[in-house]
Amino acid sequence: MLRWKYSRPLLTAVTAIFALLPFLGNNPVSNPGLQQTMAVAFLYGALALTYDLLFGFTGLLSFGHALYFASGIYVTAILINTYNWNFYLAILAAIIFTSILAALTGAASLRTTGITFAMVTLAFGQAGHVIISRDFGGLTHGDNGLPINADRIPSIFIGVVNTKFLYLLALGILVFIYLTAWWITESSAGRVFAALRDNEQRVSVLGLNPNRFKLLSFVLSAALAAFIGAGMLVVSGGGSPRFASADTTIALLLMVILGGPVTRWGAVLGGILYSVLGTRLNALSQGSAFESLPKFIKGPLSEPAFTLGMIFILIVMFAPGGISGAYYRARFKYLNKGK
Amino acid sequence: MSTFLLILITGVGLGALYFLVASGLSLIYGLMGVLNFAHGSFLTIGAFTGLWVSTKVFPNPTTWTFIAAMIAGGIAAGLFALLMEQLVINRLYNRHIDQALVTVGVALVVAAVLGGWFGNDLRLLPTPLWFMKAISIGDAIIPIDRFVYIAVAAILLIAMLSILKFTRIGLIIRAGVENRSMVSALGINVRLAFSTVFFIGGFAAGVGGVLISVFSYGVSPGMAGSWLIYGFIVVVVGGMGSLTGSAIAAMLIGVTNQFANYYVTGLGDFVVVFILAAVLLTKPTGLLGKVSH
């Protein structure tokens, strides 16, 4: 077995440590600023996992995943702000709305395959971005973003003192998504998803309808993304059109490639690393570390996208499988050493 | 009537710009199966080179310096495309998804490098004075830059079609689009065709970049974003690997976009996605599509 027998206890222990950190007195995570950063990172970790479900496990390269994430954010926010809905009911409605949206757009996109599929999903995602940023119907407030009405969300999530609860909320969502993704990928439908990725023709020869399962994977990952979106709404305090942009989907793709597809923990790790690096590299580059460098090197280095893009190129070219892939290769070598 | 003519010609001009972006995407995808997310970088590199030529090399913009800026932009973008093909794409031979992914990385890096060097602000690209003028056709007053876009795109379309039609390498490219494995099986070096296609595609995108920075009033590292997405849409609607298809689709989308935007601001983007969905549902290969890989 490639799996290390202590991997599950280890993951549980790591999660428990992260959950306790804000309460353990003086450590980096007791500072609300970092708690906020980590909360966002956990949510991106979870979102990357839902993208992995689509891209890694089912083999569907979608460039429109951000649409369903943003739909979760905006539908929840609009129902709460404009129509005075109950917080939990609004989240539920947002998930249902997003699932229907994903079923419709997914059914249309899945008439195509491969790279064309990528482009069609990109176009749908772009349409969503346009609807949000151009403020059709006056519901989304366009580029100004849509701050959530703080009176209508549970008071435990309001205020700087309570940032630790946002942190715990995000961690809780991540654990929930992780367990759900685990359950989906180990279920019989999950086996069909993997089979579709590996050999679609064989799946149809076995008498299963490939498109039906692709659509199932598409809708499931969209519904989970909408749920994470509702979490992001609470953590970041509002919606913004950038959540719906193609850049967000591309970031998800980078996260999955960085951590390695198809291993679940790879995507989560990639998402957390990418999100934290994106924030921290920015802070680092403002500091004195690069002062002495000439401008033509310092300029690009001060842009987080440069470092992330370079890492990404190198991983795709020289280390396919990312971090988790490298781990499993090393472990495979280790296990076969004696033979 | 005058408004109609103005919107129509503006739409065709916009379509001309879309075509410059889409033509390279279409050829590259048609021949090699590479979805090139770095195509936006070609455009931006072309625009920055054009800016450099028309501010630093020739500080007084005239018609000739603008032509020089376009050619310089095209060549710089073409050379960058060639470099990327040699250094990165070539090493991922036949790993289509990885090729697409690596171009995403290249696009990020190029935008970051340009942003780091020149800042992320919009810079105005100087144009000859007559660009600001308008001519009247009947009772319609039409800004003259539209005609420049159309003329340049038409020249490049004819040039590219002639290369494809009358040269040996063009023959190889056309054959490769239809059946690449058969062409290699006949012992013809397809690699040279790959490089040619990348250079030509990069050149068109670079020229397009210079014109786009005139159209959108400035050069910036992030300028390519929506143009690239429109390029993809044009390629899908026109059919992969078909230059004529891209040209027709670019006009269709440019004109529809302008008319929709005239009636409801912002509706244009939406209508374009609708066209895309309609074409894919009725004819998944696009209007004049040849490849199916």
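A crossing of two helices is left-handed if the near helix is turned anticlockwise from the far one by less than a right angle, and right-handed if clockwise. The model is predicted, with local features needing pLDDT of at least 70 and side-chain atom pairs counting only at pLDDT 80 or more, while totals for chains, interfaces and linings use all residues. Residues are numbered from 1 along each chain as its sequence is written, and chains are lettered from A and ligands numbered from 1 in the order in which they are written.

Q: Why are α2(B) and α3(B) called oblique to each other?
A: Helix α2 (residues 39–57) and helix α3 (residues 63–87) of chain B pack at an angle of about 140°, with their axes 7 Å apart. Axes are lines fitted to C-alpha atoms, for helices over the stretch in contact, and angles run from 0 to 180 degrees between N-to-C directions. Angles under 35 degrees count as roughly parallel, over 145 as roughly antiparallel, 65 to 115 as roughly perpendicular and the rest as oblique. The pair α2(B) and α3(B) is therefore oblique.

Q: Which residues make the contact of α2(B) with α3(B), and how do they divide by class?
A: Two residues are in contact if their C-beta atoms, placed from the backbone, lie within 7 Å. Among those that make this contact are B:F42 and B:I45 of α2(B) and B:F66 and B:F80 of α3(B). The residues divide into 13 nonpolar, 7 polar and no charged, where Ala, Val, Leu, Ile, Met, Phe, Trp, Tyr, Cys and Pro count as nonpolar, Asp, Glu, Lys and Arg as charged, and the others, Gly among them, as polar.

Q: What makes α1(B) and α5(B) oblique to each other?
A: Helix α1 (residues 2–32) and helix α5 (residues 145–166) of chain B pack at an angle of about 40°, with their axes 8 Å apart, and they are therefore oblique to each other. Here α1(B) passes α5(B) in a left-handed crossing. The contact is made by residues including B:L17 and B:F19 of α1(B) and B:R146 and B:Y149 of α5(B), and it divides into 12 nonpolar, 3 polar and 1 charged.

Q: How do you know whether A:N84 is buried or exposed?
A: A residue is buried if 20 or more other C-beta atoms, placed from the backbone, lie within 10 Å of its own, exposed if 12 or fewer, and partly exposed in between. A:N84 has 10 C-beta neighbours inside 10 Å and so counts as exposed. A:N84 lies in the loop between α3 (65–81) and α4 (87–109) of chain A, and has a positive phi of about 60° although it is not a glycine.

Conventions: Helices (H or I, at least four residues) and strands (E, at least two) are DSSP runs, numbered from the N terminus.
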